[in-house]
Amino acid sequence: NCRLALLAAYAMPDNAEGTHGKGAGWSAALRGSSSAGCLARGSVAAVHARGARSQLRASAVETEAPAKAIPATEERRELTDEELFANDGDAKTVYFNARDQVGIFEPFGYFDPLGYCPDDDRDKFRFLRASEIKHGRVAMLASVGAVVAHFIRIPGYERTRGSLLSEWDSAFGYPTILLTTATICVMFWLELTFWAQREDKEPGDFGDPLNFNMYNEDMRNKEINNGRAAMFAALGIWAAQAATDKDAMQQLGFF
């Protein structure tokens with residue numbers, strides 16, 4: 001465009017009308033060249049602007065691309081500390097092994113010939129172990145009580161003799177049935193309150209109200225063993241009593 005304007009000014013005749021003649025032509029040519037330069041610069045600026053806008057659009061697309069992938073990213077997000085440790089101490093932890101618990105002795109080891117409790121089932125093991133300890137404690141009291149009852153009788157139960165039938169009649173006859181019923185109700189209440197097994201305690205752990213400080217592995221093993229022996233002893237006493245009509249002391253032949 002600049003070259004065309006200069007050529008037009010040079011070709012203008014000398015006697016061209018106007019007050020300035022060829023000078024006017026040169027001025028017009030210069031103005032044309034200046035305008036052409038401005039147009040050229042404007043074109044370059046427009047090209048640069050279009051390039052900048054293209055780059056901005058590309059950047060925006062690149063910026064928006066991860067935003068579209070958010071759902072996939074959320075599926076693979078890292079767990080928080082609360083989520084990571086939410087199941088700590090779960091009752092079904094794979095590290096539980098019943099063979100490592102107290103009360104497992106040689107030569108029998110983990111004695112479960114009928115398969116009542118798999119050695120990795122923590123919940124079932126805790127339930128059965130708590131039941132075993134409670135039955136063992138009751139059996140220890142019962143076996144001792146069977147011996148003491150030969151010498152001492154609770155008021156109201158004086159009619160009791162050596163046979164099981166006489167003991168049944170004495171416990172559930174009138175008025176002793178009232179005392180028997182009250183005793184059973186109190187036992188149920190204790191079982192549901194103070195003697196209820198808590199999940200945060202070991203099976204059979206109901207505190208140490210007398211401060212004996214004897215709740216250790218050695219004493220727990222002894223209690224379980226004595227409880228097992230007492231369950232056999234109580235069953236033996238009742239079986240012999242039903243067969244001979246003799247109480248625990250009379251069965252020994254000394255009384």
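## The largest pocket

Ala, Val, Leu, Ile, Met, Phe, Trp, Tyr, Cys and Pro count here as nonpolar, Asp, Glu, Lys and Arg as charged, and the others, Gly among them, as polar. By this division, the lining of the largest pocket in this predicted model consists of 19 nonpolar, six polar and four charged residues. The pocket has a volume of about 1,300 Å³, and among the 29 residues that line it, Ala142, Ile154, Tyr157, Glu167 and Ala171 lie nearest its centre.

Several helices take part in this lining, with at least two residues supplied by each of helix H5 (122-148), helix H6 (164-172), helix H7 (176-192) and helix H8 (217-244). The greatest contribution to the largest pocket is that of H5, which gives six residues.

## The second largest pocket

The second largest pocket has a volume of about 990 Å³, and of the 27 residues that line it, Arg137, Gly204, Phe206, Gly207 and Glu223 are the closest to its centre. Its lining has 14 nonpolar, five polar and eight charged residues.

For the second largest pocket, H5, H7 and H8 each provide at least two lining residues, and the largest share, seven residues, again comes from H5.

## Aromatic pairs

A search of the whole structure finds four aromatic pairs. One of them is formed by Phe96 and Phe125, whose rings are tilted, with 5.7 Å centre to centre and 55° between the planes. Because Phe96 lies in the loop between helix H4 (81-84) and H5 while Phe125 lies in helix H5, this pair ties together parts that are 29 residues apart in sequence. Both Phe96 and Phe125 are buried.

Trp168 and Phe172 also form a tilted aromatic pair, at 4.4 Å centre to centre and with 40° between the planes. Both of these residues lie in helix H6, four residues apart, which is about one turn of the helix. Trp168 counts as exposed, because its relative accessibility of 54% is over the 50% cut-off. Phe172, at 38% relative accessibility, counts as partly exposed.

## Cysteines

A disulfide is a covalent bond between the sulfur atoms of two cysteines. A search of the whole structure finds zero disulfides.

Cys185, at 47% relative accessibility, counts as partly exposed.

Conventions: Residues are numbered from 1 along each chain as its sequence is written. This is a predicted model: local features need pLDDT of at least 70, side-chain atom pairs count only at pLDDT 80 or more; totals for chains, interfaces and linings use all residues. Side-chain values use heavy atoms; hydrogens and water are left out. A disulfide is a pair of cysteine sulfur atoms within 2.5 Å. Buried means under 20% relative accessible area, exposed over 50%, partly exposed in between (1.4 Å probe, protein chains only). On a 1 Å grid over the protein atoms alone, a cavity is a set of points where a 1.4 Å probe fits but cannot get out, and a pocket is an open set with protein on both sides within 12 Å along at least five of seven lines; lining residues have an atom within 4 Å of a point. Grid points are joined across faces, edges and corners, and a volume is the space filled by probe spheres set on the points. Rings of Phe, Tyr and Trp (its six-membered ring) pair if their centres lie within 6.5 Å; planes under 30 degrees apart count as stacked, over 60 as edge-to-face and the rest as tilted.
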